[in-house]
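Keep the model open and follow along.

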Amino acid sequence: MTPSDASVTATQQDRDFSALLDERITEFFARERERVTGISPHATVLVDAIEDLTRGGKRLRARLCYWGWRAAGGAVADHVAVAAAASLELFQTAALIHDDILDRSDTRRGKPSVHRVFEALHRDAGWSADAAHFGVSAAVLTGDMSLSFAEQLFADATARVAADPAATAREIFSTMRTEVMAGQYLDIHAEVAPAVGDPEEQLERAMTVLRYKSAKYSVEHPVEIGAALAGADRAFLADCSAFALPVGEAFQLRDDVLGVFGDPETTGKPAGDDIREGKRTALIALCAASSSAEDIAWLESVLGRAELTEQEVHRARDLMRDSGAHARSEDLIASLVRTADTQLARLRTDDVARAGLQALADAAVRRAK
């Protein structure tokens with residue numbers, strides 16, 4: 001099979017799988033909506049909020065899980081892969097709901113974030129007490145429900161494979177959950193802790209947050225989970241990681257760049273949102289490493305300022321360009337992509353699975369949103 005033929009086949013398989021995934025998620029929500037409505041019609045809105053947010057994603061993690069499964073020899077359109085992928089979608093939805101609370105984000109994918117949806121529900125209904133507090137409280141519970149849904153779907157996947165693959169996949173899934181929570185904490189800790197004076201240490205801290213909050217659960221672990229469920233041994237899982245982790249790191253670095261330089265119409269987030277939220281990203285660390293003391297002091301003064309003006313956003317962008325931080329971020333992304341490409345070429349799999357993984361890796365780092 002030529003590379004072109006493999007790419008065409010992979011594209012069709014990816015589409016077919018995505019259709020099966022959408023069908024599985026729709027069926028799951030219909031069942032859970034009925035279950036929750038049976039408890040009380042007032043609680044149905046929780047399921048609605050999860051489904052609405054899940055519907056808007058690119059399914060990157062789910063599709064990576066599928067291609068990890070296929071790379072390790074898993075069958076096309078298998079129920080195990082669909083259930084595991086659906087689980088990762090619900091885990092991602094939970095992470096987004098909680099992340100928006102932590103970051104005080106008003107929007108997600110161009111629509112109100114879940115805590116703002118519940119806040120508006122409270123306000124429009126004229127209920128008593130504080131609308132903002134209700135919104136956050138309801139969103140926390142919604143995120144927790146989405147985590148519970150993710151666990152249900154993952155249990156369905158592992159119940160259909162042999163004990164050893166199920167145990168390995170469960171180990172990776174559990175590690176992923178712990179790492180994301182720890183990474184989220186390190187992210188909010190970095191926003192309030194004293195700034196690190198050493199630029200190298202600042203960059204290393206930013207990369208640690210990036211790696212555990214996003215890179216591993218966005219790319220590395222989904223690929224590993226799919227491969228593990230298909231029966232991959234530890235050596236093959238290590239090879240998957242060697243490819244997927246640099247893709248995940250490049251993915252989050254791209255996200256950080258878009259958080260400052262992205263078009264709000266495309267990203268669905270206000271321009272400069274990461275600066276307003278006080279994110280200690282790698283881009284900020286790289287900027288601090290090559291800026292004057294005066295410029296660093298100014299940047300520190302605006303990080304985390306919610307009322308940041310458009311003029312200040314433009315000044316921060318100019319500083320990141322002029323200091324070379326933007327260019328160095330792009331160089332780092334390119335270096336990680338080269339590493340990933342090399343490792344993928346060495347992965348012991350067939351041409352179709354390799355093409356499927358390559359297409360998703362390209363989509364993760366070469367994007368505008």
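Start where H4 crosses H7: the crossing is right-handed. By the convention used here, a crossing is right-handed if the near helix is turned clockwise from the far one by less than a right angle, and left-handed if anticlockwise. The contact takes in Ser 87, Leu 88, Phe 91, Ala 95, Asp 99, Leu 102 and Asp 103 from H4, and Phe 173, Met 176, Arg 177, Val 180, Gln 184, Ile 188 and Glu 191 from H7. Contact here means heavy atoms within 4.5 Å. Sorted by class, the H4 and H7 contact residues come out as eight nonpolar, two polar and four charged. (Ala, Val, Leu, Ile, Met, Phe, Trp, Tyr, Cys and Pro count as nonpolar, Asp, Glu, Lys and Arg as charged, and the others, Gly among them, as polar.)

Some housekeeping: this is a predicted model, with local features needing pLDDT of at least 70 and side-chain atom pairs counted only at pLDDT 80 or more, while totals for chains, interfaces and linings use all residues. Residues are numbered from 1 along each chain as its sequence is written, and side-chain values use heavy atoms, with hydrogens and water left out.

Now for the geometry. Two packed helices are described by the angle between their axes and the distance between the axes. For H4 (residues 79-103) and H7 (residues 163-192), the axes come within 12 Å and cross at roughly 15 degrees. That makes H4 roughly parallel to H7. Angles under 35 degrees count as roughly parallel, over 145 as roughly antiparallel, 65 to 115 as roughly perpendicular and the rest as oblique. The axes are lines fitted to C-alpha atoms, for helices over the stretch in contact, and angles run from 0 to 180 degrees between N-to-C directions. The helices themselves are DSSP runs (H or I, at least four residues), numbered from the N terminus.

Next, how do H1 and H2 pack? H1 (residues 3-39) and H2 (residues 44-55) have axes 8 Å apart, at an angle of about 165 degrees. That makes H1 roughly antiparallel to H2. This crossing is right-handed. On the H1 side you'll find Ile 25, Phe 29, Glu 32, Arg 33, Val 36 and Thr 37, which meet Thr 44, Val 47, Asp 48, Ile 50, Glu 51 and Thr 54 of H2.

H8 and H9 have axes 7 Å apart and an angle of about 140 degrees. H8 and H9 are therefore oblique to each other. Their crossing is right-handed, and the contact residues divide into 15 nonpolar, five polar and six charged.

On to the open space. On a 1 Å grid over the protein atoms alone, a pocket is an open set of points with protein on both sides within 12 Å along at least five of seven lines; a cavity is a set where a 1.4 Å probe fits but cannot get out, and lining residues have an atom within 4 Å of a point. Grid points are joined across faces, edges and corners, and a volume is the space filled by probe spheres set on the points.

The largest pocket has a volume of about 1,100 Å³. Its lining counts 49 residues, with Leu 96, Asp 99, Arg 108, Gln 252 and Asp 255 nearest the centre. Elements giving two or more lining residues include H4, H7, H8 (199-229) and H9. By class, that lining has 13 nonpolar, 15 polar and 21 charged residues.

The second largest pocket is about 300 Å³. Of its 14 lining residues, Asp 103, Arg 104, Arg 276, Glu 277 and Ala 306 lie nearest its centre. H4 and H11 each supply at least two residues of this lining, which has three nonpolar, four polar and seven charged residues.
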